Amino acid sequence: MQTSERSDTDRLLARLDRFDLTPGAVRLRSRARELLRAGPGDTVVDVGCGAGRAAAEIAAEGPRVVGVDLDLRMLGAARGRHPGPGFLRGDAYALPLPDGRVQGYRAEKVYHSLGDPARALAEARRVLAPGGRVVLLGQDWEAYAVDSADPVLTRAIVSSYADGMPDPRAPRRQRALLLEAGFGDVEVEGSVLLFTDAGVLPMLTGLASAAVAAGAVPGDRAAAWADEQRERAGTGRLFVAIPFFLVCARR
């Protein structure tokens, strides 16, 4: 890996770590484990496992865990950080697992990036044993709430970023998709993660930059918006609310 690539990976891992260690994110992962209902002897697949934190937390409670990700950088980080689970390269459409052999399927912040979620759920159904459980966890990217002196501009920035994704409103559709895929006992839970400190600034400035790149807002207005968010962080007035949803079902 070249130095620039290593630096990019380190920055990405640092951002992921900051989010994963927030109290709200910790609570969501804990609730997702409860909904999986996996115990010793069960096998769980964590799709889009990233750097492996959630996979390691599940493994610590007894199940055998297989983390799957397409990003070789993340897989390398996961293997280095967490020797317990197994980590394999693969994607949500073609999991490197046999039919009907896992009792739990977990995917966090994955389905908004999928152009064909029904195909991914068919793959989930293939690898799950009868009675196995699926838990999907993700945010509604279009419903971000950011306090600002210019709410119209804020909405344009948030919407522009969401529109660049294959399925930014994925959680809204998952209950129906699971029912259509033949899953039972479908349940939905919601939670709002609140951020009021400077740790969320990289995400906000990223939203502004993406809106400029997409041609949704002029560069000077996006820069002023980002400056306002920095000023709010410096004076204790920052407010960001991100809605997350847990959708679970039984095969």
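Because the model is predicted, local features need pLDDT of at least 70 and side-chain atom pairs count only at pLDDT 80 or more, while totals for chains, interfaces and linings use all residues.

Let me begin with the aromatic rings. The structure holds 4 aromatic pairs, where rings of Phe, Tyr and Trp (its six-membered ring) pair if their centres lie within 6.5 Å, and where planes under 30 degrees apart count as stacked, over 60 as edge-to-face and the rest as tilted. One of these is Phe19 with Phe244, whose ring centres are 5.9 Å apart and whose planes stand at 25 degrees, so the pair is stacked. Phe19 lies in helix 1 (residues 3-20) and Phe244 in strand 8 (residues 240-250), so this pair ties together parts 225 residues apart in sequence; helices (H or I, at least four residues) and strands (E, at least two) are DSSP runs, numbered from the N terminus. Both Phe19 and Phe244 are buried, a term that means under 20% relative accessible area, with exposed being over 50% and partly exposed in between (1.4 Å probe, protein chains only). Together with Phe195, Phe19 and Phe244 form one aromatic cluster.

Trp141 and Tyr144 are also a stacked aromatic pair, at 5.4 Å centre to centre and 15 degrees between the planes. Trp141 is buried at a relative accessible area of 13%, and Tyr144 is buried at 3%.

I turn now to the helices. Helix 6 (residues 151-163) packs against helix 8 (residues 201-213) at an angle of about 75 degrees, with the axes 8 Å apart; axes are lines fitted to C-alpha atoms, for helices over the stretch in contact, and angles run from 0 to 180 degrees between N-to-C directions. Helix 6 is therefore roughly perpendicular to helix 8, the class for angles of 65 to 115 degrees. In this contact (heavy atoms within 4.5 Å), Ile157, Ser160 and Tyr161 of helix 6 meet residues of helix 8 including Gly206 and Leu207.

Finally, which loop holds Gly84? Gly84 is placed between helix 4 (72-81) and strand 3 (86-89), and Gly84 is exposed, with a relative accessible area of 64%.

How values were computed
Residues numbered from 1 in each chain as written. Heavy atoms only, no water. Parallel < 35°, antiparallel > 145°, perpendicular 65-115°, else oblique.
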